[in-house]
Amino acid sequence: MIPKAEASSDSKGDVNIMRVILLGPPGAGKGTQAAEIKAKYDVAHISTGDMLRQNVKDATELGQQAQKYMDGGKLVPDELIVKMMRERLKEKDCEKGFLLDGFPRTVPQAESLDGLLENMNLSLDAVILLDVADDIVVDRLCGRRMCRQCGEIYHVSFKPSSQGDKCDKCGGDLFQRDDDKEQVIRNRLKVYHDQTAPLISYYDEKGLLRRVNAGTSSSSVMAEIEALVNEKVAE
Ligand code: AP5
């Protein structure tokens with residue numbers, strides 16, 4: 001895994017290809033860190049949350065099915081997610097590696113991913129757990145704002161836009177996600193602890209899990225992730 005500037009056009013199985021899962025509770029900073037990693041290492045950033053929100057916006061059949069679960073902070077059924085990911089992983093941009101953000105989120109999803117990758121003759125390099133306390137998550141998500149146009153992520157205190165309710169990058173309107181209300185956030189956290197946290201031991205037993213303290217500043221978290229990536233390169 002090497003930075004974009006030095007990357008070659010890789011083939012399957014090349015050590016320079018990064019296939020990583022970012023695991024962690026809602027608000028851990030998965031989307032924030034993924035945007036930086038994508039820019040630096042030129043890998044596909046696959047966020048199931050973003051894909052589902054786009055489907056809701058486009059009023060597709062999947063979007064209509066998913067919306068009621070998302071609004072309540074519940075997980076969308078595994079079969080819908082796995083079907084969506086089976087198609088997404090076949091896309092061209094995944095050939096140079098990928099960063100999974102928000103998938104898998106249940107043990108059955110992780111088992112399905114194992115099967116999908118096996119069929120494609122691919123394997124994972126690492127699962128990076130962004131570890132952060134629930135109270136920090138609530139503060140982060142209550143203050144999160146996103147750009148409706150380009151998806152840039154802000155925070156009213158920790159990363160405000162210099163243009164108030166407009167995006168610094170593209171001038172688009174900033175908005176608050178429907179599921180970033182305190183009651184829904186608490187429910188998402190419960191769902192995380194009940195259904196997603198078991199993946200920590202699932203991947204630990206496979207020797208893939210790496211932990212990062214995500215309760216610190218974004219730049220410190222990124223530095224820890226980069227150190228892990230570089231360690232992988234050295235292996
Ligand atoms: P999804 O969009 O995946 O939401 P999530 O996992 O709950 O994660 P978030 O996007 O809320 O948080 P994040 O970790 O990306 O944090 P961010 O970087 O934005 O999923 C939404 C819904 O879709 C689910 O509830 C479910 O219904 C459905 N879904 C999605 N995938 C599914 C699946 N696989 N199976 C079933 N259902 C699925 O940061 C948060 C805030 O904190 C920002 O304001 C940011 O600026 C700030 N921040 C980030 N890092 C720091 C830092 N280090 N210091 C200070 N502030 C920080």
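A crossing of two helices is left-handed if the near helix is turned anticlockwise from the far one by less than a right angle, and right-handed if clockwise. The model is predicted, so that local features need pLDDT of at least 70 and side-chain atom pairs count only at pLDDT 80 or more, whereas totals for chains, interfaces and linings use all residues. Residues are numbered from 1 along each chain as its sequence is written, and side-chain values use heavy atoms, with hydrogens and water left out.

**Exercise 1.** Describe how helix 4 and helix 5 cross, and which residues meet.

Solution. Begin with the elements themselves: helices are DSSP runs of H or I with at least four residues, strands are runs of E with at least two, and both are numbered from the N terminus. The axes of helix 4 (residues 78–88) and helix 5 (residues 107–119) come within 10 Å and cross at roughly 25°; axes are lines fitted to C-alpha atoms, for helices over the stretch in contact, and angles run from 0 to 180 degrees between N-to-C directions. Angles under 35 degrees count as roughly parallel, over 145 as roughly antiparallel, 65 to 115 as roughly perpendicular and the rest as oblique. Helix 4 and helix 5 are therefore roughly parallel to each other, and their crossing is right-handed. Finally, D78, I81, V82 and R86 of helix 4 are in contact with P108, Q109, S112 and L116 of helix 5, where contact means heavy atoms within 4.5 Å.

**Exercise 2.** Determine how helix 6 and helix 7 are oriented, and which residues make their contact.

Solution. Helix 6 (residues 134–142) and helix 7 (residues 182–196) pack at an angle of about 135°, with their axes 10 Å apart. The two helices are therefore oblique to each other, and helix 6 passes helix 7 in a right-handed crossing. On the side of helix 6 the contact is made by D134, D135, V137, V138, L141 and C142, and on the side of helix 7 by E182, I185, R186, R188, L189 and H193.

**Exercise 3.** Locate the cis peptide bond and the residue other than glycine with a positive phi.

Solution. The cis peptide bond joins F103 and P104, with omega about -5°, and P104 is found in the loop between strand 3 (97–101) and helix 5. The positive phi, near 55°, belongs to A59, which lies in the loop between helix 2 (48–57) and helix 3 (61–71).
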